[in-house]
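Open the model in your viewer and keep the selection panel handy.

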Amino acid sequence: MRKSLRKKARKTIQNLTKHILTDQMLESEYVKDKIEQDIESLTDLYMQVESNNIMQRSILDTVSRGNTMPRMYEVFGQLTDKIQAINKQILATESQIRKTYIDLKFEIKDKEAELIEAAQNNSNALTTSQPQGNQNIVTSSKQLIEMAKKKHMEKLNSIKEIECTEEND
């Protein structure tokens, strides 16, 4: 029973998310974890409703066999109230989940915009001036490391040249 209710919860969450988030956003580990948490939460609510429905059917079967104790009607009424409350909670949970994914979408877009801006700022910061007035634009960390090694080697060579000339004097 839980497996089918989990499948129902997964379908509900997927229907909610596919209209809000892009496929790329859905591939994020953070989003995947959030989806699994929401599926589990919704499954638990569906499970409560189903358990109460089973109890109600059991009471109805007992009453139909002729056992009409007043307590059964009282419990049946309490179960009905519980089911209504849980259904309201399911609707509120689905609504909250929808709002959460809308907020998450904007949060991801803001983060992507920040990363793009940071990358643009880094590319501007990684532009270095050459003595001739030429500029090199570093487009990857590998290039940056190679450039740093080259400059480091140039400095080492100039230090060695200075040491050699000082020794000869």
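Here is a short tour, with something to select at each stop.

**Before you start**

This is a predicted model, in which local features need pLDDT of at least 70, side-chain atom pairs count only at pLDDT 80 or more, and totals for chains, interfaces and linings use all residues. Residues are numbered from 1 along each chain as its sequence is written, and side-chain values use heavy atoms, with hydrogens and water left out.

**Stop 1: the whole chain**

Start with a cartoon view. You will find 5 helices and 2 strands, arranged from the N terminus as α-α-α-α-β-β-α. Helices here are DSSP runs of H or I with at least four residues, strands are E runs with at least two, and both are numbered from the N terminus.

Of the 169 residues in the chain, 21% are buried. Buried means under 20% relative accessible area, exposed means over 50%, and partly exposed lies in between (1.4 Å probe, protein chains only).

Contacts are worth a look too, a contact being heavy atoms within 4.5 Å. Among those between residues at least 6 apart in sequence, 68% join residues at least 24 apart.

**Stop 2: helix H1 against helix H3**

Select arginine 6 and glutamate 40. Their side chains meet in a salt bridge, at 2.8 Å from N to O. Arginine 6 belongs to helix H1 and glutamate 40 to helix H3, so the pair ties together parts that are 34 residues apart in sequence. A salt bridge is a side-chain nitrogen of Lys or Arg within 4 Å of a carboxyl oxygen of Asp or Glu. Arginine 6 counts as partly exposed because its relative accessibility is 25%, and glutamate 40 does so at 32%.

Next, select glutamine 14, which is in helix H1. Its relative accessibility is 40%, so glutamine 14 counts as partly exposed.

**Stop 3: along helix H3**

Helix H3 covers residues 29-64, and aspartate 38 is found there. Is aspartate 38 buried or exposed? It counts as buried because its relative accessibility is 6%. Show its surroundings: leaving aside neighbours within four places in sequence, aspartate 38 is in contact with Ile13, Ile97 and Tyr101. Aspartate 38 also forms a salt bridge with lysine 34, where the closest N and O atoms are 2.9 Å apart. Lysine 34 and aspartate 38 are 4 residues apart in helix H3, so about one helical turn separates them.

Valine 31 is in helix H3 as well. With 0% relative accessibility, valine 31 counts as buried. Not counting residues up to four places away in sequence, valine 31 touches Leu21, Met25, Leu26, Leu104 and Ile108.

Further on, pick glutamate 50 and arginine 57, a salt bridge whose closest N and O atoms are 3.3 Å apart. Then select Arg2, Arg6, Arg10, Glu36, Glu40 and Asp44 together: salt bridges that share partners join them into one network. How many salt bridges does a search of the whole structure find? The search finds 10.

**Stop 4**

Helix H4 spans residues 70-125 and holds glutamate 94. Glutamate 94 is buried yet has no salt bridge, and the nearest side chain of opposite charge, arginine 98, is 5.6 Å away. Beyond residues up to four places away in sequence, glutamate 94 touches Thr12, Leu16, Leu42 and Tyr46.

**Stop 5: charge on the surface**

Go back to the surface view and select Lys3, Lys7, Lys11 and Lys18, which gather in a patch of positive charge. Lysine 18 lies in helix H1, residues 2-18.

Finish with Asp103, Glu107, Asp110, Glu114 and Glu117, a surface patch of negative charge; glutamate 114 is in helix H4. Patches are made of residues with over 30% relative accessible area and no salt bridge, with like charges joined within 9 Å and nonpolar side chains (Val, Leu, Ile, Met, Phe, Trp, Tyr) within 5 Å. Lys and Arg count as positive and Asp and Glu as negative, while His and the chain ends are not counted. The place of a charge is taken as NZ of Lys, CZ of Arg, CG of Asp or CD of Glu.

Note on methods:
Areas by Shrake-Rupley, 256 points an atom, 1.4 Å probe, with all protein chains shown as cover.
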